[in-house]
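Dear colleague,

Please find below the sequence and structure that I am handing over to you. My findings follow.

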Amino acid sequence: MKIFGREPALVLGLVAASVKLISAFWLHASADQQALVNTVAAAIVALIIAFQVHDGVGAAFLGFTQAAIAAAVGFGLHWAPDTQAVVFAFVSAAVAAYTRTQVTASVPAAALTRPAGPQGV
């Protein structure tokens, strides 16, 4: 997998170095805030990779959502834990509803039916 023609680890390394550079000279973010930005960057890269391979998109989106909420709280969003949980539960339900329409069983339903009555008696 490549992002902008580069390995994902290289892209994340560049993001981390950029965050440190910007923080050192302009924004003066705390170490916790820098870690949160890097966490969100890693979640975004995971989401991009999941879309590229067409597998695990729902899980990647949930991870991204969790990282984004953590970053927002780290940067001053005043959400109580129960509010965060409600938002995450809604996103989880939305992902589940979407996934349900995209997934098909590997075995047709007709193959799973069993004959009525006792067997082997």
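In what follows, helix axes are lines fitted to C-alpha atoms over the stretch in contact, and the angles between their N-to-C directions run from 0 to 180 degrees. Helices (H or I, at least four residues) and strands (E, at least two) are DSSP runs, numbered from the N terminus.

The model is predicted, so local features need pLDDT of at least 70 and side-chain atom pairs count only at pLDDT 80 or more, while totals for chains, interfaces and linings use all residues. Residues are numbered from 1 along each chain as its sequence is written, and side-chain values use heavy atoms, with hydrogens and water left out.

The protein chain has four helices and zero strands, in the sequence pattern α-α-α-α. Of its 121 residues, 17% count as buried (under 20% relative accessible area with a 1.4 Å probe, protein chains only; exposed is over 50% and partly exposed in between).

Helix α1 (residues 8-27) and helix α2 (residues 31-53) have axes that come within 10 Å and cross at roughly 155°. That angle makes α1 roughly antiparallel to α2 (the term applies to angles over 145 degrees). Their crossing is right-handed, meaning that the near helix is turned clockwise from the far one by less than a right angle. On the α1 side, Pro8, Leu12, Val15, Ala16, Val19, Lys20 and Ser23 make the contact, and on the α2 side Gln34, Val37, Asn38, Ala41, Ala42, Val45 and Ile49 (contact means heavy atoms within 4.5 Å). By class, these residues comprise 10 nonpolar, three polar and one charged (Ala, Val, Leu, Ile, Met, Phe, Trp, Tyr, Cys and Pro are nonpolar; Asp, Glu, Lys and Arg are charged; the others, Gly among them, are polar).

Helix α3 (residues 57-74) packs against helix α4 (residues 81-102) at an angle of about 160°, with the axes 10 Å apart. The two are therefore roughly antiparallel to each other, and α3 passes α4 in a right-handed crossing. Gly58, Phe61, Leu62, Thr65, Gln66, Ile69 and Val73 in α3 meet Gln84, Val87, Phe88, Val91, Ser92 and Val95 in α4. This contact has eight nonpolar, five polar and no charged residues.

Within α3, Thr65 is buried, with a relative accessible area of 10%. Its side chain reaches the backbone oxygen of Phe61 at 2.9 Å. Not counting residues up to four places away in sequence, Thr65 touches Phe88 and Val91.

With kind regards

Definitions and conventions:
Angles under 35 degrees count as roughly parallel, over 145 as roughly antiparallel, 65 to 115 as roughly perpendicular and the rest as oblique. A polar contact is a pair of N or O atoms within 3.5 Å; within protein, one must be able to donate a hydrogen and the other to accept it, and residues adjacent in sequence count only if both atoms are side-chain atoms.
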